[in-house]
Amino acid sequence: MKLSVGLKVANSLSLTPQLQQAIRLLQLSSLELEQEIQIQLDSNPLLEKIEDESSTESLTHLESNDTNDLTQDLNADHLPNDLPVDTDWDDVYTHQSTALASPEFEEREDNRQAHHTLKEHILEQVNLLHFSTVDKLIAYCIIDCLDDKGFLDAEIEEILLAAQHLLIEADYDEEIEHDEILVVLKHIQRLDPVGVASMNLAECLKIQLEMMDIQTAFRREALSLLQCYELLIANDLNKLLKSTGLNMSQLKEAIGLLKTLKPYPGADFESQESDYQIPDVVVNKKDNSWQVQLNPDVLPKLRINSFYSNMIRRADQSDENLYLRNQMLEAKNFIKSIDERHKTLLKVATCIVEHQRAFFEIGAEGMKPLVLRDVAEEVELHESTVSRVTTNKYMLTPRGLFELKYFFSSHVGTTSGGECSSTAIRARIKKMISVENPRKPLSDNAIAELLKEEGIDVARRTVAKYRESLHIPSSSERKVLI
C-alpha cells in the first residue's frame, strides 16, 4: 500500500476559550457572578466598572467651585481676615460638657447584646450557684452534653466517666457517685429555661408542670397524662381514659394545659440566621400582562477603560503594547459573555412565565407540566443550556421568590386525556388536608378518589409519596380525638 499526502475537509466542534467562559458564566449564581466580576476587575486594567455618574459629576463640580473660590481669594488685592481652611476647629476639638452646661446631645449606652447560646446561658446561672468544685465539674459535663433542642444527649454513666476522668487529670483524689450526678442534674433542670437537660419530651413537660403553682387548674390531671405518655402519643383515647381515670372534659383541659408548655427548652436559643437570596429576574403584572425584566441591582455595568485603550498603538509590537491588546481582547470577550448570559436568562425566564401564566394568576394549583425540552425547543437552545440557566437563579414574583427550577415538574394523566402538573397535585392535596375534619382525616385512598372525581387519575401510593414530600403525617397521626 502506497503512502500519499492529501487534503480533507471536515466539520468539527471545538470549545474556544470564549465559549468556555460563556458557558461557565451561564451557570453562576448572582453572588458567584459578582465575585467573578471582581476578580476580572482586579486582574484586567482595561476593564472597569461604571459608577454612579451623577454623584461623580456633582463631586467634580463641587471640587471645582471650591478651587475657584480659593484662587479668587488668594489673587485679590487685599487678603481677608479669615482665609478658607481645609478643617474647622470643631473637627479637632470636641466640646466637652461641664457641670454648669448641659450636653448638646444625650449620650446613650449601647444596649445591644450578642446572641447567647443555650450552653452559655446555663453556664452563667451555674456560676451563680453555690456549687463545690466537684459539682461544678459535673455541671460542666452535663451542659457539654446538651443538644440544640436542650435535651441531654448522653447517658448518666457517660457523664460519670467523663467527670471522673477530668478529676483524675486535675489531681483530685475523689470518687464521684451516681447520686451526685442526679442531684446536680436536678438543679440544672430547674434553671431557666425550665426542663433543660431532660432525657426526653415527657420528662421535660413533667418538670415544667412540677415547677408550676400547685393551685394551677388541671395540673394534677396533666401529670397523670404524662404517666401514660405512650398512649397519649398513640391517640388511644379509650385506654387513656381507663388508665388515668379522667372523664372527657378533664382530659381535654389537661391536654390544653400541656399544649401551653415548651416542648423544646433550647428552641429560643437557636440561631436565627437566614439565607437570603437575591432575585435575578423580577416579574410584575402591568395592564393585565405579565412583564419580565432582569433585576437591575445585580446587573453589572462594565466598560473598557478609555485611558488604557488610547495607549494601544496598532503598529507597535512591544511587549507592553501586546499586553494591552490581549487585555483589551479579554475585556471585550468578558463583557460580551456577560451580555449573552443576561440575554439568555431573560429569554428563558420569559418563556417560563408564558407557560406558567395560570400559576401567577391562581397559585400553585394552576401550575402546568413543563420540562426542559419544551423550553429548549421554544427558545432554540440546548437542554443543557436551559439547565445551566435555571440552576441557582431566582425569580421574584407577586407570589414570592422561587427558583427557576421550581416551574419545571413532571405530569400525571387525567381522565380526559390531558396532563396535570405534579406541583398542582401537591397543592391540591395540601388544600384538601387543610380543610378536612380533624376527627375523620382523609386517608390516601380517599384523597385519590377525590382527585379522580376532579379528573386527575392518580394512584394511592402516588398520593402517599406526594403527601410525604410535603411533610404531612398520615391520617392516623393527624387524627384528633378530642
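**Close-up 1. The largest cavity has a volume of about 60 Å³.** In this predicted model, local features need pLDDT of at least 70, side-chain atom pairs count only at pLDDT 80 or more, and totals for chains, interfaces and linings use all residues. Residues are numbered from 1 along each chain as its sequence is written, and side-chain values use heavy atoms, with hydrogens and water left out. The structure holds one cavity of 30 Å³ or more (a cavity is a set of points, on a 1 Å grid over the protein atoms alone, where a 1.4 Å probe fits but cannot get out; a volume is the space filled by probe spheres set on the points, which are joined across faces, edges and corners). S30, L33, D280, L294, N295, V298, L299, R341, H342 and L345 line the largest cavity (lining residues have an atom within 4 Å of a point). Two or more of these residues come from each of α2 (30-43) and α15 (helices are DSSP runs of H or I with at least four residues, numbered from the N terminus). The largest contribution, three residues, is that of α15. The lining of the largest cavity has five nonpolar, three polar and two charged residues (Ala, Val, Leu, Ile, Met, Phe, Trp, Tyr, Cys and Pro count as nonpolar, Asp, Glu, Lys and Arg as charged, and the others, Gly among them, as polar).

**Close-up 2. The largest pocket has a volume of about 630 Å³.** A pocket is an open set of points with protein on both sides within 12 Å along at least five of seven lines. Of the 23 lining residues, L232, I233, N235, I255 and K259 lie nearest the centre of the largest pocket. At least two lining residues are supplied by each of α9 (201-210), α11 (229-233), α12 (237-244) and α13 (248-259), and α13 gives the most, with six. By class, 17 residues of this lining are nonpolar, two polar and four charged.

**Close-up 3. The second largest pocket has a volume of about 390 Å³.** Its lining is made up of 19 residues, and K49, D297, V298, L299 and P300 lie nearest its centre. With seven residues, α2 gives the most to the lining of the second largest pocket. Eleven nonpolar, two polar and six charged residues form this lining.

**Close-up 4. F307, Y308 and M311 make a nonpolar surface patch of about 310 Å².** M311 is located in the loop between α14 (306-309) and α15 (319-355). Its relative accessible area is 41%, so M311 is partly exposed (between 20% and 50%, with a 1.4 Å probe and protein chains only).

Key. Patch = residues over 30% accessible without salt bridge, like charges linked within 9 Å, V, L, I, M, F, W, Y side chains within 5 Å. Areas by Shrake-Rupley, 256 points an atom, 1.4 Å probe, with all protein chains shown as cover. Salt bridge = Lys/Arg side-chain N within 4 Å of Asp/Glu carboxyl O.
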